[in-house]
Amino acid sequence: MAEDLVLDPDIRGWVFVPIIIITFLVGIVRHYVSVLMPSSEKKVELLQIQDSQAMIRARALRENGKYLPEQSFLMRRHFFNDEDTGYFKTQKRQAPAQNPITDPTMVTEMLKGNVTNVLPMIVIGGWINWTFSGFLCSKVPFPLTLRFKPMLQRGIELQTLDASWVSSASWYFLNVFGLRSIYTLVLGENNAADQSRVMQDQMSGAAMSMPQDPKAAFKAEWEALEVANHTWVLKNASSHLINL
Amino acid sequence: MDITKEIGSWQEARDRLRKWRDENERKSEDVVDLFISYIGSNLSKLGDEKWVVMEQVAIASMDMHNLPIAEDLIMELKERFPKSERVRLLQIQRLNLLGRHEDAMKGLDAMIDRDPTNSVPYKRKIAILKSLGRTTEAIKELSEYLNRFMSDQEAWSELCDLYLSEGEYNRAVFCAEELVLHTPHNFFVHQRLGDIRYTMGGIENLKLALSYYSQALKLNASSMRSIFGLFLSASSLSTNPRVPPADKKEYTRVVTWAVDQITKRYLLSFKHSTLFVSISIAFCLSM
């Protein structure tokens, strides 16, 4: 049944390709807008850097401490973990203002993020849905289950239609995610039109700085160091070498 | 050595400068020569790149003690970027060149106050102190820096060198161990630890030196220094009266193995050098 359906070639010229072009151009515009808008550079505090470097050093100690003699390892663990003088115990850090409403900088940050990324997506998605409604745009090359029908076939009320035929709105969303690699080619790395990366950034924390909760991180690292065993790998290194 | 003979036009000169910038090469003499011959008169043709080029040439000319060029460039950069920290760094470098080290250090302190997270002024200050021979102050500043930036490999390495120059072997060992923690698969860090431990002397240290040299050899079997280090520490241990005889046997085995390796290596490179090899072994044994 589905093989009998043939789409008007005008759809190809007037819908399919224009949606690609629209998505692409909107992405480029978004990139330049974010470049022009003065973004608040995340100013890293000295304490943050200190903490993150300490974490790196503690982790290196855990992983590679086996190359050091026992005394050196214990000395360093003592530096970090000791009850009275250890780094992870004595450094008091305030939990930063987690409440997004009261912290003004975070509000503007969120607002700017939303405006540049989510809003255009919604607006353009809605416009495309309104303009190019009532007909099929393309067919997905693999078979889909019926649960996808209401999502991908907005505006087409045909119960018997195969779920692989999709409307223009779904083609638009496909483009938004698919053109990511083309943006990398055109705009170079690290461009602001890369929406999915922005969403990933919002979910994970920053790698270099420890903004959210140094206390929890310290506690985790303290425990990890406490349970770390030290076996000196180089103990019989010379015998191993000779027998090689 | 004369680079102006190689380069024919200002475009080539600009490309060569860009290549050196990207690869972080500091060919100061060539940079200044290129600037004088080609770039200087064509600066306006470079567009926005000219500021970066000016910075590069300013640093190079200060390396070559060519003060007039440096001062001109710094003045222009300052007019264009009055609040820039990078330009400030160039000015401080100029103060160093003129011998006004105290002023330079005050400038660096001001930079640190303005932005304590920038590691460059700290390092420059320590470099100035080191060049003035004020090693103890340099050590103090460097330790404070490391208290904050604990994972900075270069800084640990530098501190290790400073301690070695002062003869503080224990602390040098601590610094060298930090480097092992971060890059344990690099044979050189193990070798350095072995060297320091061997220099410190004493049975425990010699044993540690032995293990470090063995590890260095495992990671890089062609390091002559490690083999000699292994040989020396093993032979000192095997001839030491306080070492129990069971261990001594082990150490003598190491010594024979090391001698074997050394002979093989030398014979590979010098075909007719049995005499040379036996002389070198005899020399080592007599030490």
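Me: Why does Tyr183(A) count as buried?

Reply: Happy to start there, with the reminder that this is a predicted model. Tyr183(A) has a relative accessibility of 3%, and the cut-off for buried is under 20%. Therefore Tyr183(A) counts as buried. Its place is in helix 8 of chain A, residues 180-187.

Me: Let's step back to chain A. How many helices and strands are there?

Reply: Chain A has 11 helices and 2 strands, and along the sequence they read α-α-α-α-α-β-α-β-α-α-α-α-α. Of its 244 residues, 36% are buried. Among contacts with a separation of 6 or more, 70% join residues 24 or more positions apart. Chain A exposes about 15700 Å², with carbon and sulfur atoms supplying 62% of that area.

Me: Now chain B: how do you know that the span of helix 14 agrees with what it should be?

Reply: Helix 14 of chain B covers residues 224-238, which is 15 residues. The expected span is 1.5 Å times one less than the number of residues, so helix 14 should span 21 Å. Its end C-alpha atoms are 21 Å apart, so the two values agree.

Me: What makes helix 14 of chain B mostly covered?

Reply: The count does: 12 of its 15 residues are buried. Among them are Ile227(B), Phe228(B), Leu230(B), Phe231(B) and Leu237(B).

Me: One more: why is helix 2 of chain B called roughly perpendicular to helix 4 of chain B?

Reply: The axes of helix 2 (residues 10-22) and helix 4 (residues 49-63) of chain B cross at roughly 70° and come within 11 Å. Angles of 65 to 115 degrees count as roughly perpendicular, so helix 2 of chain B is roughly perpendicular to helix 4 of chain B. The contact involves residues including Leu17(B) and Trp20(B) of helix 2, and Val52(B) and Gln56(B) of helix 4. The crossing of these two helices of chain B is left-handed.

Note on methods
Residues numbered from 1 in each chain as written. Chains lettered and ligands numbered in written order. Predicted model: local features only at pLDDT ≥ 70, side-chain atom pairs only at ≥ 80, totals over all residues. Heavy atoms only, no water. Helix = DSSP H or I, 4+ residues; strand = E, 2+ residues; numbered from the N terminus. Buried < 20%, exposed > 50% of the residue type's maximum accessible area, 1.4 Å probe, protein only. Contact = heavy atoms within 4.5 Å. Areas by Shrake-Rupley, 256 points an atom, 1.4 Å probe, with all protein chains shown as cover. Axes fitted to C-alpha atoms, helices over the stretch in contact; angles between N-to-C directions. Parallel < 35°, antiparallel > 145°, perpendicular 65-115°, else oblique. Left-handed = near helix turned anticlockwise from the far one by under 90°.
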